[in-house]
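Student: I have a chain to look at, and I would like to know what the words used for it rest on. Can we go through them one at a time?

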Amino acid sequence: MVFTTTYADGSFGGMEVYMELNFEKRGGILIVRISGELDHHFSEEIRRRIDNEVLRSPFRHVLFDFNGLSFMDSSGIGMLMGRYRTIAHLGGKAWIICNNSRVARILEMSGVFQYIHREDSLESALQKCQAG
């Protein structure tokens with residue numbers, strides 16, 4: 001799913017911003033891939049779609065793959081922490097895969113990595129998920 005928005009108010013020169021969301025299912029693990037910009041334009045829609053996937057399927061763990069993410073603001077962090085609470089309430093765990101140093105720095109400075117584990121690759125995150 002690809003979402004786009006244009007800054008109609010003229011901010012940022014009226015440029016178009018995009019965000020892409022994909023889901024992959026591997027057993028009891030939901031992989032959420034988000035690319036582009038995760039900001040206030042998209043956070044609510046992403047929240048709704050992830051919650052729908054988590055609550056209608058027997059997923060125990062969620063991997064957030066942010067390797068394609070170029071930007072995240074505080075609404076993205078709020079969306080992420082809310083999904084973490086939902087997953088933890090259901091008895092699962094969450095991991096983040098993020099090799100973008102700017103996005104990783106935002107996540108680290110906001111304290112996200114105190115709650116959600118960070119892995120360098122999808123393979124290592126899958127191994128940790130399967131180990132429980």
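Tutor: What follows is a set of questions about a predicted model.

Student: What makes up the secondary structure of the chain?

Tutor: There are four helices and seven strands. From the N terminus the order is β-β-β-α-β-β-α-β-α-β-α.

Student: Why are α1 and α2 called roughly parallel?

Tutor: Helix α1 covers residues 43-56 and helix α2 covers residues 74-89, and they pack at an angle of about 15 degrees. Angles under 35 degrees count as roughly parallel. The angle of about 15 degrees falls under that cut-off, and α1 and α2 are therefore roughly parallel to each other. Their axes are 9 Å apart, and the crossing of α1 past α2 is right-handed.

Student: Which residues of α1 and α2 meet?

Tutor: From α1 they are Ser43, Ile46, Arg47, Ile50, Asp51, Val54 and Leu55, and from α2 they are Ser75, Gly76, Met79, Arg83 and Thr86. Five residues of this contact are nonpolar, four are polar and three are charged.

Student: Arginine 83 is in that list. How do you know whether arginine 83 is buried or exposed?

Tutor: Compare its value with the cut-off. A residue counts as buried under 20% relative accessible area. Arginine 83 has 8%, so it is buried.

Student: Where does arginine 83 lie, and what is it in contact with?

Tutor: Arginine 83 lies in helix α2. Apart from neighbours within four places in sequence, its contacts are Arg47, Ile50, Asp51 and Phe64.

Student: What makes the buried residues of α3 line one face of the helix?

Tutor: Helix α3 covers residues 101-109, and its buried residues are Val103, Ala104 and Leu107. Viewed down the axis of α3, these fall within an arc of 100 degrees, so they line one face. The exposed residues Ser101, Arg102, Arg105, Glu108 and Met109 are on the other side of α3.

Student: How much of the chain is buried?

Tutor: The chain has 132 residues, and 44% of them are buried.

Student: What share of the contacts join residues at least 24 apart in sequence?

Tutor: The share is 62%, taken among contacts between residues at least 6 apart in sequence.

Definitions and conventions: Residues are numbered from 1 along each chain as its sequence is written. This is a predicted model: local features need pLDDT of at least 70, side-chain atom pairs count only at pLDDT 80 or more; totals for chains, interfaces and linings use all residues. Side-chain values use heavy atoms; hydrogens and water are left out. Axes are lines fitted to C-alpha atoms, for helices over the stretch in contact, and angles run from 0 to 180 degrees between N-to-C directions. Helices (H or I, at least four residues) and strands (E, at least two) are DSSP runs, numbered from the N terminus. Angles under 35 degrees count as roughly parallel, over 145 as roughly antiparallel, 65 to 115 as roughly perpendicular and the rest as oblique. A crossing is left-handed if the near helix is turned anticlockwise from the far one by less than a right angle, and right-handed if clockwise. Contact means heavy atoms within 4.5 Å. Ala, Val, Leu, Ile, Met, Phe, Trp, Tyr, Cys and Pro count as nonpolar, Asp, Glu, Lys and Arg as charged, and the others, Gly among them, as polar. Buried means under 20% relative accessible area, exposed over 50%, partly exposed in between (1.4 Å probe, protein chains only). The arc is that of the directions from the helix axis to the C-beta atoms.
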